[in-house]
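Q: Can you walk me through this model? I have the sequence and the coordinates open.

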Amino acid sequence: MSRALRLARRGLYTTHPNPRVGCVLVRDGVVVGEGFHARAGEPHAEAHALRIAGSQARGATAYVSLEPCCHHGRTPPCADALIEAGVTRVVAAMRDPNPLVAGRGLAQLSAAGIEVSSGLLESSAQAINPGFINRMTRGVPWVRVKSAMSLDACTALATGESRWITGAAARQDVQRWRARADAVLTGVDTVLADDPSLNVRLEAADLGIDGIVAQPLRVILDSDLRVSPEARLFRLPGQVLVIAAEGRVSPATRKTLESRGAEVASVPAAKVGRGLDLPEVLRLLARRGINEIHVEAGATLAGALVREGLADELVIYVAPHLLGGGARAVFALPALESIGERTHLEISQARRVGDDWRLIAQLQRD
């Protein structure tokens, strides 16, 4: 199963909106076939493993990082293929949270006389597909908020100057987080202030994949459509989605942005302030098949995602600098009346990246 999970990770940058899945076929203690799902529309992990195993699949055990599918999509059901190949045992790391499967794949295999089980290295399997699981179970993507800060928890000087807080190695590392996300999201204030690219600037070889690097959807939250049509994002390859507030979308502005290749969508405005209904933003993106969102935004939007319980994970690069008084904070959060109101985090990783440190933390929900 460990090998199946390693294979699944080979689809980390390419499978969305599908889950990352690996499969290993073992017969008489010998691996006879293995494979992973590379891209949506292409054969699933089980199909690759069965093709390599050929007739040796009969009587084999299939170790799969996710329950085999049992429905027709762009490819045939994997459960049918395993039954036809004569596999006698299937071990799944986890059940598929997709309502179209959700235990039915294992049930179909069991009904065909195949021994089935699930739960082996389940937590490791879940860690490979947090966005797919979130989208299938909660109807929203996995939201990962990235920030870079000084040792005194500041992201920029009071003037807004922030280039560069972290070193080249950390900035290169960020490119990998962008590459694994389905969408990179920011707010219009960041676009107006920094004119960012928000694209992936790595080659396929850098990511260990074949073919070209797919650019994530770039999403701008812009309640009043203040973004300039001359922004850098509109001049780069890849899709750009601008999300505005309902009733505030000027037809002329929409037409101008669409002429630059952008798509304009709208959601209800936030009940408080001039922003957007952020839960509805996430539901909109989930309906588009977005599994993982990588957020690179200012303190206001980052703070709102944390405050509303919408951020799932923080990736924070800490640089060995002090920016001093008056510098800008990482998150704009309201003052607390008691220590019990604090936001709880679980730090899952602390790793040195060049001269900086990368902290990864998950937000703990009640």
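Q: What should I know before reading any values?
A: This is a predicted model, so local features need pLDDT of at least 70 and side-chain atom pairs count only at pLDDT 80 or more, while totals for chains, interfaces and linings use all residues. Residues are numbered from 1 along each chain as its sequence is written, and side-chain values use heavy atoms, with hydrogens and water left out.

Q: What's the strand order in the open sheet?
A: The five strands run S2-S1-S3-S4-S5, with mixed pairing. Strands are DSSP runs (E, at least two residues) and helices are too (H or I, at least four), numbered from the N terminus; two strands pair if DSSP finds at least two bridges between them.

Q: Which strands stand at the edges?
A: Strand S2 (30–36) and strand S5 (115–118); each has a single partner strand, so one side of each is left without a neighbour in the sheet.

Q: And how do S3 and S4 pair?
A: In the parallel sense, over four bridges, with S3 at residues 61–64 and S4 at residues 89–92. Tyr-63 stands opposite Val-91 in S4.

Q: Which helix packs on the sheet?
A: Helix H2 (residues 45–53), which touches strand S1 (22–27), S2 and S3. Its direction makes about 140° with that of S2; axes are lines fitted to C-alpha atoms, for helices over the stretch in contact, and angles run from 0 to 180 degrees between N-to-C directions.

Q: Changing topic: how many residues has the largest nonpolar core?
A: It has 39, and Leu-82, Val-90 and Leu-109 are among those with the most contacts inside it. Such a core is a set of buried Ala, Val, Leu, Ile, Met, Phe, Trp, Tyr and Cys residues joined through side-chain atoms within 4.5 Å. Another core, of 36 residues, lies apart from it and includes Val-143 and Leu-301.

Q: Is H11 mostly covered or mostly open?
A: Covered: seven of the 10 residues in helix H11 (residues 278–287) are buried, meaning under 20% relative accessible area with a 1.4 Å probe, protein chains only. Glu-280 is one of the buried residues. Gly-289 follows H11 and has a positive phi, near 85°.

Q: Where does Asn-199 lie?
A: In the loop between helix H8 (188–194) and helix H9 (204–207). Asn-199 counts as buried because its relative accessibility is 11%.

Q: What does it touch beyond its sequence neighbours within four places?
A: Asn-199 is in contact with Gln-175, Arg-178, Gln-215, Arg-218 and Leu-236, where contact means heavy atoms within 4.5 Å.

Terms used
Buried means under 20% relative accessible area, exposed over 50%, partly exposed in between (1.4 Å probe, protein chains only).
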